[in-house]
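Reader: I have a model to go through and some questions about it. Can we take them one at a time?

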Amino acid sequence: YQADFTLFNTVGGGCQILAMMLLFPILRKVMDTIRIFYTCFGMAVTGYILIIIISYTGTSNVKWLLIPAALIMAAVGVLNVIITVFLANTVDYGELKNHRRDESVIFSMQTFVVKLASGVAVFFAGLAIKWVGLIQPADGTSEVIEQSTGTLMGLSMMMTVVPIVLLIIGLVFFIRKYKLTEERMQEIMTKLR
């Protein structure tokens with residue numbers, strides 16, 4: 001279990017870093033930022049769907065999970081870069097509307113929001129573990145305890161279905177609220193000059 005977990009995390013983390021350094025620049029040469037966002041959204045959802053499919057096959061071989069891990073974490077890596085690009089765009093938009101640049105406020109709020117989101121995520125993860133009825137050893141040992149089918153199904157849903165739903169909510173919000181396309185940014189930059 002520990003070796004598989006380490007392998008899974010290493011592949012996922014490596015894909016995230018490589019995506020930030022290599023995949024984003026490659027995608028940027030052939031797509032605008034909005035299309036990159038949609039591509040990464042599709043990669044992440046595909047990865048979660050693959051996890052669902054793999055889990056229903058009953059395989060215990062972690063190597064099958066490396067494919068969805070690579071898709072999801074590469075998408076997350078590129079999205080981390082895209083979010084920074086989108087924030088920089090809002091700085092330019094804010095300058096056009098308010099006649100001042102507020103990058104220090106915007107980028108410091110990004111740090112705060114990431115930390116807040118991490119805290120909220122841990123809180124809800126704890127609630128989810130309690131809700132699905134995960135049984136843990138009372139003495140803190142690494143003893144393996146047989147979990148009920150409902151608990152295992154609940155954990156699977158929390159790891160796959162919930163992220164897909166949250167991604168779709170985020171996509172709807174993005175489509176409705178974010179209007180700074182490449183063309184719009186060119187207009188803004190021309191006006192600012």
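**Working through the model**

Reader: Is Asn61 buried, exposed or partly exposed?

Author: Asn61 is partly exposed, because its relative accessible area is 37% and that class lies between 20% and 50%. Keep in mind that this is a predicted model.

Reader: Where is the place of Asn61?

Author: Asn61 sits in the loop between H2 and H3.

Reader: What lies 3.0 Å from a polar atom of its side chain, that of Asn61?

Author: The backbone nitrogen of Lys63 does.

Reader: Let's step back. How many helices and strands are in the protein chain?

Author: The protein chain has seven helices and zero strands. Read from the N terminus, the order of elements is α-α-α-α-α-α-α.

Reader: What box do the C-alpha atoms fill?

Author: Along the principal axes, the C-alpha atoms of the protein chain fill a box of roughly 65 × 30 × 25 Å.

Reader: What share of the residues counts as buried?

Author: The figure is 26% of the 193 residues in the protein chain. As for contacts between residues at least 6 apart in sequence, 69% join residues at least 24 apart.

Reader: On to the inside. Which residues have the most contacts in the largest nonpolar core?

Author: Ile36, Phe37, Val78, Ile82 and Phe86 do, in a core of 24 residues. At least two core residues come from each of helix H1 (2-30), helix H2 (33-57), helix H3 (66-98), helix H6 (161-177) and helix H7 (182-192).

Reader: Which helix gives the most to this core?

Author: H2 does, with eight residues.

Reader: Take Ile82. What does Ile82 touch?

Author: Leaving out residues up to four places away in sequence, Ile82 touches Phe24, Thr33, Ile36 and Phe37.

Reader: What about Ile26, is it buried or exposed?

Author: Ile26 counts as exposed, because its relative accessibility is 54% and the cut-off for that class is over 50%. Ile26 belongs to helix H1. From Ile26 to Ile72 the C-alpha distance is 18 Å, and the two are 46 residues apart in sequence.

Reader: Which residues line the second largest pocket?

Author: The lining is made of Ile52, Ser55, Tyr56, Thr149, Leu152, Met153, Ser156, Met157, Thr160 and Val161. H2 and helix H5 (149-159) each supply at least two of the lining residues, and the largest share, five residues, is from H5.

Reader: How do the lining residues divide into nonpolar, polar and charged?

Author: Six are nonpolar, four are polar and none is charged.

Reader: Thr160 was in that list. Is Thr160 buried or exposed?

Author: Thr160 is buried, because its relative accessible area is 5% and buried means under 20%. Thr160 lies in the loop between H5 and H6.

Reader: What does Thr160 touch?

Author: Not counting residues up to four places away in sequence, Thr160 touches Tyr48, Ile51 and Ile52. Ser156, like Thr160, is among the residues lining the second largest pocket.

Notes: Residues numbered from 1 in each chain as written. Predicted model: local features only at pLDDT ≥ 70, side-chain atom pairs only at ≥ 80, totals over all residues. Heavy atoms only, no water. Core = buried A, V, L, I, M, F, W, Y, C linked by side-chain atoms within 4.5 Å. Buried < 20%, exposed > 50% of the residue type's maximum accessible area, 1.4 Å probe, protein only. Helix = DSSP H or I, 4+ residues; strand = E, 2+ residues; numbered from the N terminus. Contact = heavy atoms within 4.5 Å. Polar contact = N/O pair within 3.5 Å; in protein donor to acceptor, adjacent residues only side chain to side chain. 1 Å grid on protein atoms, 1.4 Å probe; cavity = no way out; pocket = protein on both sides within 12 Å on 5 of 7 lines; lining within 4 Å. Nonpolar A, V, L, I, M, F, W, Y, C, P; charged D, E, K, R; others polar.
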